[in-house]
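Subject: Structure handover

Hello,

Here is the structure we talked about. Please open it first, then read my notes below.

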Amino acid sequence: MARYPDDLDRWRRAARISAAAREVGSAAAVPGARRRDVAEAVESYIRSQGAQPAFPANLSRNVEAAHFTPPPDDEQTLAKGDLLKVDVGAHIDGAIADTAVTVEVGGAGRHENLVRAAKDAVEAAIAKVRAGVAVDELSRAIETAIHARGLKPVGNLSGHSIHLYLLHAGKSIPNVSGMSTDHLEEGEIIAIEPFATNGEGAIENGEFGHIVRFRKDPGPSDPVVARLYERFRTLPFTARWVDPADRPALAKARRVLQTYPVFVEAGGGLVAQAEHTVLVTADGVDVLTRSDA
Ligand code: CO
């Protein structure tokens with residue numbers, strides 16, 4: 001039996017806002033722009049549309065594949081030629097969308113093959129989506145598209161199913177074949193996110209970044225921390241979103257927080273990513289995060 005989410009319209013609205021936020025981020029990613037300003041442009045756009053960021057804007061550069069968001073005092077600027085992943089998402093009362101594009105800052109076109117490999121791969125996988133199809137068919141399509149450009153898929157990063165208030169809901173969409181025995185179900189919402197690299201084809205944990213989330217309810221002992229938990233629950237957030245006066249309390253709450261490491265390509269390769277959130281339908285797919293959706 002088909003299991004579409006309740007209130008599909010809310011999911012569609014969150015996805016349209018996410019797609020537009022992705023365009024806001026890529027347009028702002030010009031040489032000399034501060035990373036912090038790009039992240040804030042994305043996040044304030046999402047809020048201005050009546051949604052909330054589902055996670056801090058991820059602005060990972062070059063060998064960084066994912067999970068970098070700027071800290072509050074970050075003064076670093078983007079340089080011409082940077083390969084920037086703009087990975088963003090909005091939610092409306094827990095209906096989440098997740099989407100990404102890779103831009104070469106300043107547009108010199110030196111990394112065109114990487115950017116196109118990720119884009120080809122996400123489109124090849126989307127073309128396979130329909131109820132009942134083996135997830136491995138999507139993985140194979142991703143792998144084949146990236147190999148066709150002489151590059152490697154990042155084997156230890158995957159797409160994922162999305163549930164209410166849950167960004168990574170359990171079903172993985174691997175970027176290499178032979179990993180999944182699952183099938184897609186009608187009404188399911190999944191994010192497909194291939195990563196292409198000219199490196200080793202794997203990521204490893206780099207330094208701890210600036211994305212955190214509560215592992216559990218911290219309890220009432222620190223009123224500031226309790227208030228932050230009320231606000232963010234177990235969704236990812238970042239110190240930029242926290243009032244400066246409350247940041248020392250957050251820094252002391254490490255025990256109840258999970259801090260995400262930045263994912264870095266293991267062979268020092270450059271990484272490009274493309275991502276769409278899609279709805280699986282009986283006879284195909286509805287790409288919720290297309291710009292023109
Ligand atoms: Co994702």
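Asp98 is buried, because its relative accessibility is 3%. Buried means under 20% relative accessible area, exposed over 50%, and partly exposed in between (1.4 Å probe, protein chains only). Before going on: this is a predicted model, in which local features need pLDDT of at least 70 and side-chain atom pairs count only at pLDDT 80 or more, while totals for chains, interfaces and linings use all residues. Residues are numbered from 1 along each chain as its sequence is written, and side-chain values use heavy atoms, with hydrogens and water left out.

**The cobalt site**

Asp98 is one of the protein donors of the cobalt ion. Donors are N, O and S atoms within 2.8 Å of the metal (3.2 Å for Na, K and Ca); water is not among the atoms, so sites may look incomplete. Along the chain, the donors follow the spacing D-x61-H-x32-E-x81-E. Asp98 and Glu193 link distant parts of the chain, 95 residues apart. Asp98 sits in strand E5 (residues 95-104), and Glu193 in the loop between strand E9 (189-192) and strand E10 (195-197). Helices (H or I, at least four residues) and strands (E, at least two) are DSSP runs, numbered from the N terminus. Glu193 is buried too, with a relative accessible area of 6%.

What is the geometry of the cobalt site? It is irregular, with angles of 83 to 177° among the 4 donor atoms. The cut-offs: four donors count as tetrahedral if all angles lie between 85 and 135 degrees; four count as square planar and six as octahedral if opposite donors are over 155 degrees apart and all others between 65 and 115; anything else is irregular.

**Leu167**

Leu167 lies in the loop between strand E7 (158-161) and strand E8 (172-174). Its relative accessibility is 15%, so Leu167 counts as buried. Leaving aside neighbours within four places in sequence, Leu167 is in contact (heavy atoms within 4.5 Å) with Phe55, Ile96, Asp98, His160, Ser161 and Ile162.

**Helix H5**

Which residues of helix H5 (residues 223-232) are buried? They are Val224, Val225, Leu228, Tyr229 and Phe232. Seen down the axis of H5, they fall within an arc of 140°, so they line one face of the helix. That arc is taken from the directions from the helix axis to the C-beta atoms. The face turned away from the buried side carries the exposed residues Pro223 and Glu230. Cover for the buried residues of H5 includes strand E11 (203-214), strand E12 (237-238) and helix H6 (247-252).

Now the two ends. At the start of H5, a side-chain oxygen of Asp222 comes within 2.9 Å of the backbone nitrogen of Val224. After H5 comes Arg233, whose phi is positive, near 50°. Arg233 is not a glycine. Its place is in the loop between H5 and E12. Arg233 is partly exposed, with a relative accessible area of 41%.

**Aromatic pairs**

Rings of Phe, Tyr and Trp (its six-membered ring) pair if their centres lie within 6.5 Å; planes under 30 degrees apart count as stacked, over 60 as edge-to-face and the rest as tilted. The count comes to 4 aromatic pairs. In one of them, Phe214 and Tyr229 have ring centres 5.4 Å apart and planes at 90°, so the pair is edge-to-face. Phe214 lies in strand E11 and Tyr229 in helix H5, so the pair ties together parts that are 15 residues apart in sequence. Both residues are buried. Phe232 and Phe237 form a stacked pair, 4.1 Å centre to centre with 5° between the planes. Phe232 is buried at 9% relative accessibility, and Phe237 is buried at 0%. Ring pairs link Phe214, Tyr229, Phe232, Phe237 and Trp241 into a cluster.

**Pro53**

Trp241 also turns up among the contacts of Pro53. Pro53 is found in strand E1 (residues 52-53). Pro53 is buried, with a relative accessible area of 6%. Pro53 and Glu43 are 10 residues apart in sequence and 6.0 Å apart in space, C-alpha to C-alpha.

Best wishes

How values were computed. A polar contact is a pair of N or O atoms within 3.5 Å; within protein, one must be able to donate a hydrogen and the other to accept it, and residues adjacent in sequence count only if both atoms are side-chain atoms.
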